[in-house]
Amino acid sequence: MLSQLMAYLQYELGAQRDAAGHVLSDTSLSAQLQSSERLWMLLEGTHVLTLMLFAGTILFVDLRLLGVVLPRTPVSKVTSTVLPYTVGGFVVMILTGLALFFANPFEYYHNVVFRVKIGFLLAAAINIFLFHYRVQSNLASWDNAQRTPRGARIAAGVSLGLWIAVIVAGRYVAYDWFSCDNAQGLVAAVSECKEHNATLAALQPELAQ
């Protein structure tokens with residue numbers, strides 16, 4: 001179901017048809033976005049820059065929680081200072097990330113590295129949720145402490161590891177090393193390459209040759 005939706009987005013949405021009624025896949029909205037050099041470069045560059053802004057502010061907060069930087073500065077002051085940059089970077093990063101995904105949704109969906117990246121993102125989001133609603137609930141009692149509570153340090157360490165993993169996985173999504181054209185064994189199974197090939201085969205008669 002999702003595979004078919006992603007294939008529709010990539011090959012058919014907004015596409016023109018020839019005289020025989022076949023879909024001209026290179027005219028789809030996804031194809032146009034991917035072939036638009038200036039827009040693509042703008043989206044990719046903005047995505048990377050806002051990722052750096054978002055990850056940099058998260059890193060700063062995590063290092064404070066670990067007591068590595070500004071140990072005498074209240075945690076609340078550090079978080080309130082960088083929070084606007086974190087939120088702004090996150091919003092733009094997500095929007096540009098969705099646009100980049102839209103340029104090649106079918107192949108990204110069936111890419112094991114992309115799926116791993118999404119898994120790390122979800123884990124990072126859960127870690128943030130747990131930190132705010134469990135660890136940070138009594139922030140007033142340890143706000144000025146140079147050595148933060150064990151739970152805060154664990155959350156910060158997990159956060160660092162997960163966001164590094166997200167960035168590394170995101171970098172490797174750009175390569176076709178793990179695409180269904182090359183994947184085998186467990187990688188092919190996790191990527192659902194059988195469904196990928198079946199969806200593409202079913203769509204093939206509709207596409208202009």
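Q: Which residues is A145 in contact with, leaving aside its neighbours within four places in sequence?
A: In this predicted model, A145 is in contact with R64 and P71. Contact means heavy atoms within 4.5 Å, so R64 and P71 each meet that limit with A145.

Q: Where does A145 sit, and how far is G67 from A145 in space?
A: A145 lies in the loop between α6 and α7. G67 is 78 residues away in sequence, yet the C-alpha atoms of A145 and G67 are 9.1 Å apart.

Q: Why is A145 called partly exposed?
A: Its relative accessible area is 26%. Buried means under 20% and exposed means over 50%. The 26% of A145 falls in between, so A145 is partly exposed.

Q: How do you know what span to expect for helix α4?
A: Helix α4 covers residues 75–102, which is 28 residues.

Q: Where in α4 is the kink?
A: The kink is at V82, shortly before the proline P84. Its angle is about 45 degrees.

Q: What makes a residue of α4 count as buried, and which ones are?
A: The test is a relative accessible area under 20%. Residues of α4 that pass include V75, V82, G89, M93 and F101. Among the elements that cover the buried residues of α4 are α1, α3, α5 and α6.

Q: Which element gives the most to the lining of the largest pocket?
A: α4 does, with seven residues. The largest pocket holds about 1,100 Å³ of space. Two or more lining residues also come from each of α3, α5, α6, α7 and α9.

Q: How do the residues lining the largest pocket divide by class?
A: They divide into 22 nonpolar, eight polar and six charged. The lining has 36 residues, with H47, Y108, K117, G170 and V173 nearest the centre. Tyr counts as nonpolar, Lys as charged and Gly as polar, so Y108, K117 and G170 represent those three classes.

Q: What is the volume of the second largest pocket, and which residues are closest to its centre?
A: Its volume is about 450 Å³. Of its 19 lining residues, I58, L83, T86, I128 and H132 are closest to the centre. α4 again gives the most, here six residues. By class, this lining has 12 nonpolar, six polar and one charged.

Conventions:
Residues are numbered from 1 along each chain as its sequence is written. This is a predicted model: local features need pLDDT of at least 70, side-chain atom pairs count only at pLDDT 80 or more; totals for chains, interfaces and linings use all residues. Side-chain values use heavy atoms; hydrogens and water are left out. Helices (H or I, at least four residues) and strands (E, at least two) are DSSP runs, numbered from the N terminus. The expected span of a helix is 1.5 Å times one less than its number of residues. The bend at a residue is the angle between axes fitted to the seven residues ending there and the seven starting there. Buried means under 20% relative accessible area, exposed over 50%, partly exposed in between (1.4 Å probe, protein chains only). On a 1 Å grid over the protein atoms alone, a cavity is a set of points where a 1.4 Å probe fits but cannot get out, and a pocket is an open set with protein on both sides within 12 Å along at least five of seven lines; lining residues have an atom within 4 Å of a point. Grid points are joined across faces, edges and corners, and a volume is the space filled by probe spheres set on the points.
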